[in-house]
Amino acid sequence: MTDRLEPGDPAPAFTLTDDEGKQVSLGDFAGRKLIAYFYPAAMTPGCTTQACDFSESIASLARDGYAVVGISKDAPDKLATFRERDSITFPLLSDESLETHRAYGAWGEKKLYGKTVEGVLRSTFVIDEEGTVTHAMYNVKATGHVAKLRRDLGLVS
């Protein structure tokens, strides 16, 4: 089991390839608040619901000072297809090595159809302007997650 992050921990640095083939690093968001969420697989029902929910909320999150990135183990070309198909309005990052998943504690044992398997733990992290984790949420629900996140952050809809 990977160690889980807690509020107050420094956010682990990363540099990942996005859906357009560009390198994106945590440092690119220095001085800004970032919501980084990890999801199991592009173009699956729950992950599509969650990504579309973030897309629909991106303007209001940006007004409140938050950037958003989605991170999965999918290859950049699959992420590009996902972004295009579902009009995703924020960067999707590829972590095929699972190094970033493990650094954030978003990879580990979970129950799937009654069996214990190793896989992606649907997780969301809010990182402040200095690179510190302010919220670390594990095993989140895809449906309604953005609304709950907004409540947890004290943001009005």
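A residue is called buried when its relative accessible area is under 20%, exposed when that value is over 50%, and partly exposed in between (1.4 Å probe, protein chains only). By this criterion Y37, with a relative accessible area of 0%, is buried.

The model described here is predicted, so local features need pLDDT of at least 70 and side-chain atom pairs count only at pLDDT 80 or more, whereas totals for chains, interfaces and linings use all residues. Residues are numbered from 1 along each chain as its sequence is written, and side-chain values use heavy atoms, with hydrogens and water left out.

## Overall architecture

Four helices and nine strands make up the secondary structure of the protein, where helices (H or I, at least four residues) and strands (E, at least two) are DSSP runs numbered from the N terminus. In sequence order these elements give the pattern β-β-β-α-β-α-β-α-β-β-β-β-α. The radius of gyration is 14 Å, close to the 15 Å that the globule rule gives for 157 residues, so the protein is as compact as a globular protein of that length; the radius is taken over C-alpha atoms, and the rule is 2.2 Å times the number of residues to the power 0.38. The C-alpha trace spans about 40 × 35 × 30 Å along its principal axes.

Of the 157 residues, 49% are buried. Among contacts (heavy atoms within 4.5 Å) with a separation of 6 or more, 61% are between residues 24 or more positions apart. The protein exposes about 7600 Å², of which carbon and sulfur atoms supply 50%; accessible areas come from the Shrake-Rupley method with a 1.4 Å probe, and for residues only the protein chains shown count as cover.

## Aromatic pairs and charges over rings

A pair of aromatic rings is described by the distance of the centres and the angle of the planes. Rings of Phe, Tyr and Trp (its six-membered ring) pair if their centres lie within 6.5 Å, and planes under 30 degrees apart count as stacked, over 60 as edge-to-face and the rest as tilted. The structure holds ten such pairs. In one of them, the ring centres of Y37 and Y39 are 5.5 Å apart with the planes at 35 degrees, so the pair is tilted, and both residues are buried. Y37 also pairs with F90, with centres 6.0 Å apart and planes at 65 degrees, so this pair is edge-to-face. Because Y37 lies in strand β3 (residues 33–38) and F90 in the loop between α2 (76–86) and β5 (92–94), the pair ties together parts that are 53 residues apart in sequence. F90 counts as buried because its relative accessibility is 1%.

Ring pairs also link F14, F38, Y104, F125 and Y138 into a cluster. F125 belongs to strand β8 (residues 123–127) and, at 0% relative accessibility, counts as buried. Not counting residues up to four places away in sequence, F125 touches L5, L34, I35, A36, F38, Y104, H135, A136 and Y138. The C-alpha atoms of F125 and A136 are separated by 4.7 Å, although these residues are eleven apart along the chain.

A charge sits over a ring if NZ of Lys or CZ of Arg is within 6 Å of the ring centre and within 35 degrees of the ring normal. The two cases below involve R4 and K33.

| Charged residue | Ring | Distance from ring centre |
|---|---|---|
| R4 | Y138 | 4.4 Å |
| K33 | Y66 | 4.6 Å |

T15, in strand β1 (residues 15–18), is partly exposed at 46% relative accessibility. Its side chain and that of S25 are joined by a polar contact of 2.7 Å. Leaving aside neighbours within four places in sequence, T15 is in contact with Q23, V24 and S25.

S94, in strand β5, counts as buried at 6% relative accessibility. A polar atom of the S94 side chain lies 2.6 Å from the backbone oxygen of D74.

## Positive phi in loops

Most residues other than glycine have a negative phi. S87, in the loop between α2 and β5, has a positive phi near 50 degrees. N139 has a positive phi of about 55 degrees and lies in the loop between β9 (133–137) and α4 (145–153).

How values were computed: A polar contact is a pair of N or O atoms within 3.5 Å; within protein, one must be able to donate a hydrogen and the other to accept it, and residues adjacent in sequence count only if both atoms are side-chain atoms.
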